[in-house]
Amino acid sequence: MTEHARTSVSGTEVLDAIVIGAGFAGMYQLYRLRDGLGLKVQGLEAGGGVGGTWYWNRYPGARCDTESHAYWYTFTTDLMKEWQWSERYPGHVEIVRYLNFVADKLDIKRCFRFNTRVVGATYDAAANVWRVRTDNGDELSATYLVTAVGCLSTANVPKIPGLESFKGKWFHTGQWPHEGVDFTGKRVAQIGTGSTGIQSAPVIAETAAHLTVFQRTANYSVPASNAPLSDSFREYVKNNAELIRQNMRASANGQPFFNSDRLALETPEEDRQALYEVAWRRGGLQFRGTFQDLLANKAANDTAAEFIKNKIRAIVKDPKTAELLADIDHPYAAKRPPIDSGYFETFNRDNVSLVDVRNNPIEAITPDGIRLRDGTEHKLDIIVFATGFDAMTGPLLRLNIRGRDGLELAKVWEGGPRNYLGLQVAGFPNLFTVTGPGSPSVLCNMPVCIEQHVEFIADAIAHMRKNGLKTMETTEAEMEKWVAEVNRAANATLLPQATHSWYLGANVPGKPRVFMPYAGGMQNYRKICENVAANNYQGFVLSA
Ligand code: NA7
């Protein structure tokens with residue numbers, strides 16, 4: 001026990017901190033509190049190992065859309081120099097291997113209880129502790145509670161009547177069986193054409209007898225142009241680790257590249273097309289940075305949208321399928337822009353077909369397959385739900401968190417998430433939410449915003465302990481102001497124009513439509529947080 005640990009009235013040890021989740025965020029938070037501050041910390045993780053999102057998302061083709069040399073911890077360049085990625089975009093197996101490498105290096109696995117899901121967390125004001133219950137029946141107490149549960153960890157399986165009657169097998173991509181799924185010779189349905197579906201369809205099609213993709217909303221996608229990394233690039237990364245880290249921290253999206261200063265609307269048509277063509281061939285998320293005004297101006301965005309739609313029409317041979325795939329109803333990158341490895345080309349295979357469920361929705365799942373509203377029935381052996389997540393709020397709400405006087409987080413958020421800086425909710429002292437709604441989170445390269453939050457939280461706790469302060473809690477007034485700022489930032493962009501986006505909670509029936517991530521840019525958000533800390537944690541009430 002460290003000198004900081006104390007004992008509760010019932011005699012059970014009170015930990016300094018509990019960290020929920022063993023992904024990028026939880027691992028670093030635990031390390032930072034334990035080794036940086038010398039606290040007694042317990043980690044709790046539902047999965048059987050470290051990895052977070054990547055522990056669960058093992059579906060065919062699962063791969064990160066941030067380039068590998070930017071998808072890792074950068075809090076120390078030592079780790080950047082020791083690890084070598086093999087491909088331009090890291091696949092899920094390699095990411096889990098990387099996170100295990102870091103966990104072993106930092107010796108943090110011994111501080112996590114795996115296969116342990118948190119089912120409740122209640123603040124005990126008299127003792128100033130959080131009491132956390134797990135599905136193993138344990139109760140743990142700690143002064144500080146940090147959630148590091150990720151933004152995309154609560155699977156969204158649509159409630160389609162009849163699913164329980166299906167005689168075949170079904171899977172959600174975010175809860176993929178660790179032993180894998182054999183599609184050989186099977187008639188497979190994939191519902192969903194977001195980033196996940198766009199990654200999985202080409203791989204499933206390679207072995208399935210037939211793959212039918214059920215598309216509700218057509219989506220843009222740009223080639224990932226994934227490839228093995230050359231030795232010279234890996235050498236470059238090693239020699240330039242500090243520069244890469246600085247660029248990631250200075251950019252709006254936590255990426256190692258910067259968006260161009262050029263404006264699409266001020267660029268002559270011929271040059272504009274040439275620039276898009278170069279960006280298309282280079283591939284990846286950088287396509288979004290071809291021009292500065294793509295997410296600010298609809299007419300500018302239209303130029304990128306039309307370029308991609310024309311590419312789809314050129315790639316897909318069957319004109320009807322091509323038109324369905326290119327019939328995209330929202331601005332480019334207003335929803336998360338996928339990148340792919342042969343997605344549109346997949347529809348040129350004889351064993352792949354596309355079904356429009358926008359105009360002819362899925363009515364029921366039958367024992368033998370999927371029935372559409374017009375009565376058409378698709379006979380199936382396997383259904384893959386690539387239907388996304390109850391994003392951002394879902395993972396937090398299912399923790400069943402109660403603050404002062406039994407106040408339920410679910411109650412405070414019934415009209416949508418409200419908090420300060422995405423970090424704290426009034427009525428929930430000493431509870432910190434890493435990459436909570438209202439922070440840049442999913443609009444940023446996740447490790448970058450995670451590191452910033454983890455460091456902010458660790459510094460705030462250090463400040464409290466140094467100054468003999470017992471609680472840190474934001475106020476209703478600060479939450480109001482921050483929610484207004486989150487809305488202002490979103491409305492300054494085209495992002496809210498994708499009205500069916502999970503950024504808005506629109507993919508989950510009944511979920512409040514509130515734009516959740518902070519769209520003001522990671523570099524600006526970082527400055528806001530630095531000013532808050534420098535001004536004695538302005539917006540938080542610190543009590544002795
Ligand atoms: P997304 O981006 O939420 O995509 C889910 C897809 O599933 C999307 O095409 C949805 O159509 C579709 N969907 C959801 N429910 C249904 C029903 N009931 N019927 C038909 N189609 C449905 O999730 P992903 O897993 O692809 O990606 C999530 C993030 O992970 C991604 O953005 C990256 O950040 C990593 P819709 O568009 O709602 O009409």
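**Helix packing and backbone**

Colleague: Which elements do the buried residues of H9 pack against?
Modeller: Quick terms first: helices (H or I, at least four residues) and strands (E, at least two) are DSSP runs numbered from the N terminus, and contact means heavy atoms within 4.5 Å. The buried residues of H9 pack against strand E11 (222-223), helix H8 (269-282), helix H10 (319-326) and helix H11 (343-346).

Colleague: And what kind of model is it?
Modeller: Residues are numbered from 1 along each chain as its sequence is written, and side-chain values use heavy atoms, leaving out hydrogens and water. Local features need pLDDT of at least 70 and side-chain atom pairs count only at pLDDT 80 or more, while totals for chains, interfaces and linings use all residues, since the model is predicted.

Colleague: What span does H9 reach from its first C-alpha to its last?
Modeller: H9 covers residues 298-315, which is 18 residues.

Colleague: Which residue caps the N-terminal end of H9?
Modeller: Look for a polar contact, a pair of N or O atoms within 3.5 Å. A side-chain oxygen sits 2.9 Å from the backbone nitrogen of Ala299, and the residue supplying that oxygen is Asn297.

Colleague: Are H9 and H10 roughly parallel or roughly antiparallel?
Modeller: Their axes, lines fitted to C-alpha atoms over the stretch in contact, are 8 Å apart and the angle is about 160°. Lys309, Ile312 and Arg313 in H9 meet Ala322, Glu323, Leu325 and Ala326 in H10. Angles under 35 degrees count as roughly parallel and over 145 as roughly antiparallel, so H9 and H10 are roughly antiparallel.

Colleague: At roughly what angle do the axes of H1 and H14 cross?
Modeller: Helix H1 (residues 24-37) meets helix H14 (residues 446-466) through residues including Tyr28 and Leu33 in H1 and Ile450 and Val454 in H14. The two are roughly parallel. Their axes come within 9 Å, crossing at roughly 30°.

Colleague: How many of the 21 residues of H14 are buried?
Modeller: H14 reaches 30 Å from first C-alpha to last, close to the 30 Å expected. Buried means under 20% relative accessible area, exposed over 50%, partly exposed in between (1.4 Å probe, protein chains only). H14 is largely enclosed by the rest of the structure, because its buried count is 16.

Colleague: Is Arg245 buried or exposed?
Modeller: Arg245 is found in helix H7 (residues 241-250). Leaving out residues up to four places away in sequence, Arg245 touches Thr74, Phe75, Thr77 and Met80. Its relative accessible area is 19%, so Arg245 is buried.

Colleague: What is the relative accessibility of Asp107?
Modeller: Most residues other than glycine have a negative phi. Asp107 has a positive phi of about 55° although it is not a glycine, and it lies in the loop between helix H4 (92-106) and strand E4 (112-113). Asp107 counts as partly exposed because its relative accessibility is 38%.

Colleague: What is the relative accessible area of Leu421?
Modeller: Leu421 has a positive phi near 60° and lies in the loop between helix H13 (409-412) and strand E19 (431-433). Leu421 is buried, with a relative accessible area of 0%.

Conventions: The expected span of a helix is 1.5 Å times one less than its number of residues. A polar contact is a pair of N or O atoms within 3.5 Å; within protein, one must be able to donate a hydrogen and the other to accept it, and residues adjacent in sequence count only if both atoms are side-chain atoms. Axes are lines fitted to C-alpha atoms, for helices over the stretch in contact, and angles run from 0 to 180 degrees between N-to-C directions. Angles under 35 degrees count as roughly parallel, over 145 as roughly antiparallel, 65 to 115 as roughly perpendicular and the rest as oblique.
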